[in-house]
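Biologist: I am new to this structure and would like a short tour. Could we begin with the sheet and then turn to the helices?

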Amino acid sequence: MKTNAENYQKSEIQVKRMGHFLGKGLLTTHGEAWRTQRRLIQKGFDRKQLDALSSIMQESLTESLRDFDRQISAGPVDIYPHLMKMTFAMVARSLFGAKLKDEDIDLVSHTICTVQEFIVRQTLQPYLNPWFAASGELRKHEEMRVRADSILMAYIKQRRNQEPGHDLLQTLMDARYSDGDGMSDELVLSESMQLLVAGHETSSNGLSWLLYLLSSRPDCLERVRQEFDSVLGEAPLSHGDLPKLEFTTQVIQEGLRLYPPFWMIDRMAVADDQVGDIDIPRGSTVIVYVYGAHHAPAHWQSPETFDPERFIKGSDKLRTPFTYLPFGGGPRVCIGNHYAMLQILMILSELLRKYDFQLTPGQTIEARPMVILRPKQGIRMTFSKAIARDLSSPKYHPVGNWPEF
Ligand code: HEM
């Protein structure tokens, strides 16, 4: 991932299969083309830009919570699809601006989900590819993509004739190559689509596991609530609040350790190589087993225990490099990692402010390692309006009585 990273390119599923539907962009290119794009797009995720995006994100969240409020009043819900809807709307509006219409968000989200599932089928059952082509399955998915493209392209064309926005679309449009040229509309579109794909099910997945973990740890949940109360008071969260939310950040880091959304990262060796005493012939698929590294007893004390304190400030200096890598590592480390942390903290702060929540009893929660580490049968929870809490009465599990995971 770092040493000799150039020798390990993205695997066929990403470059060939995803590239067929998504065109060229950060996820599907490598070499000089990738490096140039990465440099330009990175600006969209710097501190100044995240400050500017905070208000669009907050606006989107307020809108999503209205819908969520209606859903939870009818009884227990599987939080997974709800959080996915919430985070996707947020990423989509961070890209295309607060005015992006709900129906357009829904159509693009549905397209991405359906096309992604199709790509997985193409990869797991490659012998069916001739049939997919002959039966019209392939064309059906291509047409879906064309429809989603045309919707997003209309926003891009419109923006070319409008006042500049404070969103990621503007960053993509304003970016300039060394010769002074900007990206074509087609490239802006495929980079936008790739950011939507990459940000689609990642933060929501992390958040779902986090709520599950917190529902079993009232002591941690209470500390998180107290930290939000003391840092934010009644105000909405903005990017500048992040360094003050130390414990909550540790809780999120520990959640991403136990349940890394990207449980593995795949690469293909371009040329022969050797790592330690292992020969890696050209063409080998190499899997970076993120889940394994995060749960290895050699690197983590009681690895299955939920213990946010292991991420106490400065602890990373004592850790063996690359034993904690929820966002990957090296030059292709997640470009949206700071955005994702902001997004998770923002949603968590509002959910805790508005609701108390409990895990619905009697369900088995299991992880299912698909492209992302999904909960196999979802995670059902009951939400009720948060009541004023009496913090003086010690009603929670004492530290030391924590359940194991
Ligand atoms: C908790 C949330 C997230 C997690 C755990 C996560 C994890 C990752 C990982 C592990 C990689 C590296 C993949 C590889 O090396 O093959 C990656 C890459 C990437 N992520 Fe994220 N991600 C998250 C959220 C996001 C969000 C919200 C966005 C965009 C808005 C995003 C955009 C990207 C992009 C564009 C890449 C490819 C970067 C490149 O190859 O240069 N991610 N992510």
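Modeller: A definition comes before the sheet: two strands pair if DSSP finds at least two bridges between them. Please also note that this is a predicted model.

Biologist: Understood. What is the order of the strands in the open sheet?

Modeller: The order is β1-β3-β6, an open sheet of three strands with antiparallel pairing.

Biologist: And which are the edge strands?

Modeller: They are β1 (8-10) and β6 (285-288), each of which pairs on one side only. On average, neighbouring strands in this sheet are turned by 45° against each other, direction ignored.

Biologist: How many bridges join β1 to β3?

Modeller: Three bridges link β1 with β3 (residues 265-269), and these two strands run antiparallel. Opposite Y8 stands A269 in β3.

Biologist: Now the helices. At what angle do α10 and α14 pack?

Modeller: Helix α10 (residues 203-215) packs against helix α14 (residues 337-354) at about 45°, and their axes are 10 Å apart.

Biologist: Is the crossing right-handed or left-handed?

Modeller: The crossing of α10 past α14 is right-handed.

Biologist: Which residues make the contact?

Modeller: From α10 come S203, G206 and L207, while α14 contributes A340, Q343, I344, I347 and L348.

Terms used
Residues numbered from 1 in each chain as written. Predicted model: local features only at pLDDT ≥ 70, side-chain atom pairs only at ≥ 80, totals over all residues. Axes fitted to C-alpha atoms, helices over the stretch in contact; angles between N-to-C directions. Helix = DSSP H or I, 4+ residues; strand = E, 2+ residues; numbered from the N terminus. Left-handed = near helix turned anticlockwise from the far one by under 90°. Contact = placed C-beta atoms within 7 Å.
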